[in-house]
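Here are my notes on this one, as numbered points. Have the model open while you read.

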Amino acid sequence: MNPIRRWPRLRPGDRVRLVSPASYPDDPHTIEDLTRLLSGWGLRVEVGAHALARYGYMAGRDEDRLADLDAAYRDPDVRAVLTTRGGAGAYRLLDGLDYAALRADPKPLLGFSDITYLHLAIWRHCRVPGIHGCLVGDHAVETTRRLLMSSEPAVLHRNPDLQSVGAEVPGRAEGVLMGGSLQALAGMVGAGLPDLDGAILLIEAERQVGIGQIDRRLTQLGASGALDGVRGVALGRFPGFEDYTDRGWNLVNVLRDRLSPLGVPVLGGLELGHGPDPRSVALGVTAELDTVRGTLTLAPAAG
């Protein structure tokens with residue numbers, strides 16, 4: 001495996017770029033709110049040319065959204081790329097992204113949900129860490145700022161009230177944290193999913209239909225061989241499944257059935273992913289998973 005290319009931590013006065021690689025913001029005040037927040041950190045905020053464009057459910061045509069991303073990666077004065085939201089459409093840009101520019105000048109990408117496709121592709125081609133998260137909510141803002149502007153390790157603690165705690169498998173594991181949206185992970189099978197050998201795999205999802213969506217995607221990942229070298233699994237949030245059952249099974253039954261045969265530790269209850277005010281977490285960094293302590297400890301992504 002190629003070495004991890006960490007990016008320099010942000011400092012007051014640095015420029016950051018807001019882009020919309022997937023869908024456009026539903027709230028017309030999103031850009032103003034993000035600009036005000038980031039300016040309060042001392043950062044200089046720029047907005048991609050097509051961040052508010054509309055083409056169906058996406059923020060402009062593929063070539064427009066790709067141009068915004070590549071422009072941010074090619075500009076040496078832009079020190080971080082922050083997405084306005086997820087939605088749909090980021091997966092359409094993977095073949096055209098200027099990975100050489102990012103390898104030459106590593107900088108973080110912030111986003112989750114559909115942005116997971118970009119995180120996975122960037123890790124595969126560049127070994128540059130990203131940030132799975134957002135800037136909506138106090139915890140999201142606090143953890144994102146720390147990840148961008150400090151070089152300190154991070155520790156995430158299990159929330160014992162979250163449903164995924166019921167699927168835990170005891171143990172301790174170390175590896176590089178990878179993953180994010182389960183939909184994106186399954187969608188990348190056969191289409192450029194990075195090698196997960198030696199990874200701590202982060203999985204989170206929100207309910208769109210029944211628990212079959214979780215079963216099918218985990219089964220697809222397992223049948224493809226993608227999970228063969230995984231060292232541990234970190235479970236984030238699964239909103240919408242809390243009170244949902246299907247002929248006697250709930251989310252925990254499916255997670256246990258699909259993940260326990262891997263024979264690796266599984267830590268549940270992490271406040272990551274969909275749902276209100278999630279924590280942000282670095283992807284592509286060394287992580288230690290410990291079910292006894294209920295913690296996921298991560299090395300810094302910034303140098």
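1. Cavities, starting with the rule. On a 1 Å grid over the protein atoms alone, a cavity is a set of points where a 1.4 Å probe fits but cannot get out, while a pocket is an open set with protein on both sides within 12 Å along at least five of seven lines; lining residues have an atom within 4 Å of a point. Grid points are joined across faces, edges and corners, and a volume is the space filled by probe spheres set on the points. By this rule there are two cavities of 30 Å³ or more.

2. Ground rules. This is a predicted model, where local features need pLDDT of at least 70, side-chain atom pairs count only at pLDDT 80 or more, and totals for chains, interfaces and linings use all residues. Residues are numbered from 1 along each chain as its sequence is written, and side-chain values use heavy atoms, with hydrogens and water left out.

3. The largest cavity. It holds about 140 Å³ of space. Its lining counts 17 residues, with H119, W123, V128, G130 and L283 the closest to the centre. Helices here are DSSP runs of H or I with at least four residues, strands are runs of E with at least two, and both are numbered from the N terminus. By class the lining has 12 nonpolar, four polar and one charged; Ala, Val, Leu, Ile, Met, Phe, Trp, Tyr, Cys and Pro count as nonpolar, Asp, Glu, Lys and Arg as charged, and the others, Gly among them, as polar.

4. The second largest cavity. This one has about 60 Å³ of space. Among the residues lining it are R146, E152 and the run L298, A299, P300, A301 and A302. The classes are eight nonpolar, one polar and two charged.

5. The largest pocket. Expect about 600 Å³ here. Of its 29 lining residues, T84, R85, C134, L135 and V136 lie nearest the centre. Both α1 (30–40) and β3 (78–83) give two or more residues, with the largest share, four residues, coming from α1. The lining splits into 13 nonpolar, 11 polar and five charged residues.

6. The second largest pocket. Its volume is about 250 Å³. T143, V155, L156, H157 and R279 are the closest to its centre, out of 17 lining residues. The largest share of this lining, five residues, is from α5.

7. The sheet. Seven strands make an open, mixed sheet in the order β6-β13-β12-β7-β8-β9-β10, where two strands pair if DSSP finds at least two bridges between them. At the edges sit β6 (154–157) and β10 (266–267), each pairing on one side only. Inside the order, β7 (residues 172–181) and β8 (residues 199–204) pair in the parallel sense over six bridges; G180 has I203 in β8 as its bridge partner.

8. Aromatics. How many aromatic pairs does a search of the whole structure find? One. Y91 and Y117 have ring centres 5.3 Å apart and planes at 70°, so they are edge-to-face (centres within 6.5 Å make a pair; planes under 30 degrees apart are stacked, over 60 edge-to-face, the rest tilted). Y91 is partly exposed at 34% relative accessibility, whereas Y117 is buried at 10% (buried is under 20% relative accessible area, exposed over 50%, partly exposed in between, with a 1.4 Å probe and protein chains only).

Methods
Phe/Tyr/Trp six-rings, centres within 6.5 Å; stacked < 30°, edge-to-face > 60°.
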